[in-house]
Amino acid sequence: MPDQHSLLIDQNLSHKLALLLDDLFPDSLYVRNVLMQRSDDVHIRQYVITHGYHILTMDADFEALANQLGSPPKVIRLICGNASTDEIHALVREHHITIKAFIASEDLDYLQIDKSDLNNAEESI
């Protein structure tokens, strides 16, 4: 069983993030390492529910699924355009307290973090 804060990193993000974020989100996995090369969102969602992960993505479709079906899983969506892996890593790291509070929340299903918030992580849930 993964750590309570473990993330399944979606295929639109770099596989390197699982290792880069391991100190904050232990046991996180990259989706292509556990599912087929091109798994659809519903299949990914079912995997994270079954295995106890939360979704880290840039894909807007997961917002619709979270609004329609609720949680689990928790969905963390990054809005960062064509950001580099280093920029995405910094964004998640900067917001890790917010992300963990979101995961612990019982009444929230979806969290959006915008690249423009990189140096402004004092937001609250």
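**Entry: Arg45**

I started with the contacts of Arg45. Leaving out residues up to four places away in sequence, Arg45 touches Ile55, Leu65, Leu69, Gly70, Pro72 and Pro73. I noted that this is a predicted model. I then looked up where Arg45 sits, and found Arg45 in helix α3.

Which side chain of opposite charge is nearest to Arg45? I found Asp109, 7.9 Å away. A salt bridge needs the atoms within 4 Å. Arg45 has no salt bridge, yet Arg45 is buried. The side chain of Arg45 reaches the backbone oxygen of Pro72 at 3.1 Å.

**Entry: helix α4**

Leu65 was among the contacts of Arg45, and Leu65 belongs to helix α4. I looked up this helix next. It covers residues 61-69.

Which residues of α4 are buried? I listed Phe62, Leu65 and Ala66. Why do they share a side of α4? They cover an arc of only 100 degrees around the axis, so they lie on the same side of the helix. I checked the other side of α4 too. There I found Asn67 and Gln68, both exposed.

I then asked what the buried residues of α4 pack against. I wrote down two groups of partners. One is helix α3 (41-51). The other is the strands β3 (54-57), β4 (75-79) and β5 (110-114). Helix α3 is also where I had placed Arg45.

I followed the chain past the end of the helix. Just after α4 comes Gly70, with a positive phi of about 70 degrees. Gly70 was also in my list of residues touched by Arg45.

**Entry: the aromatic pair**

How many aromatic pairs are there? I counted 1. The pair is Tyr47 with Tyr53. I noted 6.4 Å centre to centre and 25 degrees between the planes. With planes under 30 degrees apart counting as stacked, this pair is stacked.

Are the two tyrosines buried or exposed? The cut-off for buried is under 20% relative accessible area. Tyr47 is at 15% relative accessibility, so Tyr47 counts as buried. Tyr53 is at 9%, so Tyr53 counts as buried too.

**Entry: Leu20**

I finished with Leu20, which lies in helix α1 (residues 16-20). Leu20 has 32% relative accessibility and therefore counts as partly exposed.

What does Leu20 touch? Again leaving out residues up to four places away in sequence, I found Thr85, His89 and Arg93. Leu20 and Thr85 are 65 residues apart along the chain. Their C-alpha atoms are separated by 9.7 Å.

Conventions: Residues numbered from 1 in each chain as written. Predicted model: local features only at pLDDT ≥ 70, side-chain atom pairs only at ≥ 80, totals over all residues. Heavy atoms only, no water. Buried < 20%, exposed > 50% of the residue type's maximum accessible area, 1.4 Å probe, protein only. Helix = DSSP H or I, 4+ residues; strand = E, 2+ residues; numbered from the N terminus. Arc of directions from axis to C-beta. Contact = heavy atoms within 4.5 Å. Lys, Arg positive; Asp, Glu negative; His and termini not counted. Polar contact = N/O pair within 3.5 Å; in protein donor to acceptor, adjacent residues only side chain to side chain. Phe/Tyr/Trp six-rings, centres within 6.5 Å; stacked < 30°, edge-to-face > 60°.
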